Amino acid sequence: GFFAGSALLSAKNMRLFFDHQRGMRATVSKDSLLKKNYKYDVAISFAGENRRIAEALSDLLIDKGLSVFYDKLEEHDLLGKNLFTYLQTIYRDSAQFCVVLVSEHYLRKVWTLHEWEQIQERILKGRTANSLEYLLPIRLDDVELPGLNSLTGFIDYRTHGAKGTADVIHRKFVDHSAEQSAESAGPGLELFLNTSTKFKPI
């Protein structure tokens, strides 16, 4: 049998528990569970001088199954739009995580600073664990980006390269999705033991 606390559970009782868990999970769709209604898993914010790196990361993340906002892939959608307000929505509201390629060029561009303002607002707006970890900084050099806390964990692209960086970002997404799944899966074994009348000690 299975030992939990002071109770030994039979195989039949274990099946009842897992049937219960599956029933709880069935009430939560995959999209709402893992993506929380975000249009993109990852948005990439970068200066034009760093486009080669942004495109390499976008390609690798898409190959891993993530949905990515990378402007070159959205040219048809960007055409004719008010980019000031549209990009505000993208970088503030539309992605699970935002990858920022931190470089000296990033500090000098009007558009990247506009994107950076939206990223900061997203972090300040939510003040939840998810919002606080929304920003995933990728350092291309040692420039100081105003508003980026020195204690925030980052990836150094100079040591990781494109593949290594994409691997870490993907792992971050997978781990976060697993945490969301666990939180949304419903009552755990301990709660089920306390509330179910179907379990009987061996």
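The model is predicted, with local features requiring pLDDT of at least 70 and side-chain atom pairs pLDDT 80 or more, whereas totals for chains, interfaces and linings use all residues. Residues are numbered from 1 along each chain as its sequence is written, and side-chain values use heavy atoms, with hydrogens and water left out.

S6, which covers residues 135-139, is joined to strand S7 (residues 155-156) by 2 bridges, and these two strands run parallel. S6 is also linked, through 5 bridges and again in parallel, to strand S5 (residues 95-102). Along that pairing, Val99 stands opposite Leu136, and Val102 stands opposite Arg139.

## Burial of S6

Because 5 of the 5 residues of S6 are buried, this strand is largely enclosed by the rest of the structure (buried means under 20% relative accessible area, exposed over 50% and partly exposed in between, with a 1.4 Å probe and protein chains only). In a regular strand the side chains alternate between the two faces of the sheet. In S6 both faces are covered, with Leu135, Pro137 and Arg139 buried on one side, and Leu136 and Ile138 buried on the other.

## The sheet and its helices

The protein chain contains 9 helices and 7 strands (DSSP runs, H or I of at least four residues for helices and E of at least two for strands, numbered from the N terminus).

Within H5, which spans residues 83-93, the buried residues are Tyr86, Leu87, Ile90, Tyr91 and Arg92.

## Nonpolar cores

Of the 22 residues in the largest nonpolar core, Ile44, Val99, Leu101, Ile138 and Ile169 touch the most other members (a core joins buried Ala, Val, Leu, Ile, Met, Phe, Trp, Tyr and Cys through side-chain atoms within 4.5 Å). The elements giving two or more residues to this core are S3, H3, S5, S6 and helix H8 (157-184), and H8 gives the most, with 5 residues. Apart from this core lies another, of 21 residues, among them Tyr86, Cys98, Val102 and Tyr134.

Leaving aside neighbours within four places in sequence, Leu101 is in contact (heavy atoms within 4.5 Å) with residues including Ile53, Ala54, Leu57, Tyr106, Ile138 and Leu140.

## Lys72 and the chain as a whole

Lys72 lies in the loop between strand S4 (68-69) and helix H4 (75-78), and counts as partly exposed because its relative accessibility is 42%. Not counting residues up to four places away in sequence, Lys72 touches Arg51 and Glu55; the C-alpha atoms of Lys72 and Arg51 are 9.5 Å apart, although the two residues are 21 apart in sequence.

Over the whole protein chain, 41% of the 202 residues count as buried. Among contacts between residues at least 6 apart in sequence, 73% join residues at least 24 apart.

Note on methods
Pairing = 2+ DSSP bridges.
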